[in-house]
Amino acid sequence: MKSSEFFREAKALIPGGVSSPVRAIRPYPFYTREASGSRIRTVDGEELTDCCMAYGPLLLGHSHPEIRAAIEEQLERGWLYGTPTPLEPEFASLLVGDHPGLEMVRFVSSGSEATMAAIRLARGFSEKKEIVKVEGGFHGAHDGVLVQAGSGATTLGIPDSAGVLPEVAARTRQVPYNDLDALDAILSRNTDIAAFILEPVMGNIGPVLPDRDYLAGVREITHAHDVLLIFDEVITGYRVGIGGAQVSYGVRPDITTLGKIIGGGLPIGAFGGRREIMEMVAPAGPVYNAGTFSGNPLSLAAGKAMIEWLHANRGVYRTLEEKTGLIAEAVSGKRCGTMVTLGSMFKFFFRTSPPRNYAEAKECDTAAFRHFWEKMLQQGIFLPPSQFETNFLSAAHSDQDIEAICTAYRACLSG
Ligand SMILES: *Cc1c(COP(=O)(O)O)cnc(C)c1O
């Protein structure tokens with residue numbers, strides 16, 4: 001069967017035909033038969049160079065042999081126990097060792113669960129009710145954060161989801177990214193704010209990069225107002241480097257959320273922070289968090305293999321940065337927009353200068369993006385199908401892949 005036929009069938013059975021909204025490519029998405037390294041092979045017989053990498057988790061590429069071996073080894077011994085396993089303290093100690101903001105950590109099954117739990121924890125610890133997030137920031141698909149949310153919610157024009165109670169949405173305040181005055185003003189006006197949650201680098205409309213000293217300023221202001229700082233590092237964790245943005249920008253949050261890369265491609269999430277805060281989590285404390293699949297051995301085995309590989313191959317971050325640098329160079333003369341890169345993250349914005357916040361990102365010419373995206377696909381390059389999703393490279397992208405990506409960008413951008 002062809003992709004178009006699978007999609008026709010799926011549309012009758014699954015809302016919009018897809019399991020997550022951003023995958024709903026018009027007129028129909030391609031269906032993947034298999035993937036390895038930097039390549040996806042579709043059921044239609046096409047082979048594509050993947051620059052989406054499952055929206056972030058696959059830092060080492062598809063079907064990495066060492067991660068596969070770790071999964072196979074765990075499979076031999078079963079894949080779900082409902083009891084603690086040695087993997088939990090082993091993996092927790094890796095994460096705690098890499099992140100200055102983590103003294104304790106709790107495993108969950110997705111990034112959404114991690115941010116949901118982190119926000120509840122911040123409220124439980126501080127005994128305050130409201131949170132502040134960044135306009136266009138994306139923290140998963142639960143009520144309190146589907147307010148001016150980025151990612152698919154913005155792509156589809158529904159940043160404020162239906163079904164979220166107005167009284168819940170009202171507890172989520174917004175500030176523009178890269179605006180310390182706005183943050184200081186809102187925290188000065190309102191004394192009932194438990195936490196400020198942000199992606200240290202906005203990955204779900206971007207990458208949109210922090211101004212110099214923005215994150216340090218955020219830390220100072222949240223301290224001054226006694227508001228907990230939550231870094232949502234679900235994308236940036238192990239993506240911008242070992243220890244995520246809190247290491248690369250030298251700013252220590254009170255609570256950190258992780259996901260994506262730390263599962264090595266299997267479902268995972270984690271939240272952690274200072275010991276006195278984490279001791280509030282059940283059964284140590286009164287803030288409830290639980291999950292049948294939390295800390296499941298397959299995800300932990302895959303994630304641990306991923307992190308151990310990164311520890312043994314620290315040079316990979318430099319190599320990836322050089323590769324996105326080459327892509328940026330290839331489009332440097334283009335006047336229709338501008339390329340932003342950070343390590344293995346990159347995006348061509350159809351806007352004359354890099355956006356600094358959500359309002360500026362939304363000024364991008366999305367029709368031009370759409371046209372460009374289709375041309376890239378015809379050239380065999382699969383980019384995330386939205387102006388508002390970051391492109392990702394993996395360690396599996398070869399020099400030839402990069403050459404092909406550069407050639408395609410040059411050919412597909414009009415001028
Ligand atoms: C992807 C993402 C999430 C949600 O993670 P899921 O595993 O998709 O639930 C949360 N925060 C950020 C910053 C993300 O990029």
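In which loop is Pro-27 found? Pro-27 sits in the loop between helix 1 (3-13) and strand 1 (32-36), where helices (H or I, at least four residues) and strands (E, at least two) are DSSP runs numbered from the N terminus. The structure is a predicted model, in which local features need pLDDT of at least 70 and side-chain atom pairs count only at pLDDT 80 or more, while totals for chains, interfaces and linings use all residues. Residues are numbered from 1 along each chain as its sequence is written, and side-chain values use heavy atoms, with hydrogens and water left out.

The peptide bond from Arg-26 to Pro-27 is cis, with omega near -5°. A cis bond also runs from Ala-282 to Pro-283, with omega near 5°, and Pro-283 belongs to the loop between helix 10 (275-278) and helix 11 (297-312). Tyr-55, although not a glycine, has a positive phi of about 70°; this residue lies in the loop between strand 3 (47-50) and helix 2 (65-76).

Next come the helix pairs. Two packed helices are described by the angle between their axes and the distance between the axes. Here, axes are lines fitted to C-alpha atoms, for helices over the stretch in contact, and angles run from 0 to 180 degrees between N-to-C directions. The axes of helix 12 (residues 316-330) and helix 15 come within 9 Å and cross at roughly 25°. Helix 12 is therefore roughly parallel to helix 15 (angles under 35 degrees count as roughly parallel, over 145 as roughly antiparallel, 65 to 115 as roughly perpendicular and the rest as oblique). Their contact, meaning heavy atoms within 4.5 Å, includes Leu-326 and Ile-327 of helix 12 and Ile-405 and Tyr-409 of helix 15.

Helix 14 (residues 366-378) packs against helix 15 (residues 399-412) at an angle of about 135°, with the axes 10 Å apart. That angle makes helix 14 oblique to helix 15. On the helix 14 side, Phe-372, Lys-375 and Met-376 meet Ile-405, Ala-408, Tyr-409 and Cys-412 in helix 15.

An oxygen atom of the ligand is 2.8 Å from a polar backbone atom of Gly-111. Side chains take part too: a ligand oxygen atom is 2.7 Å from an N or O atom in the side chain of Ser-112, and a ligand oxygen atom is 2.6 Å from an N or O atom in the side chain of Lys-260.

Definitions and conventions
A polar contact is a pair of N or O atoms within 3.5 Å; within protein, one must be able to donate a hydrogen and the other to accept it, and residues adjacent in sequence count only if both atoms are side-chain atoms.
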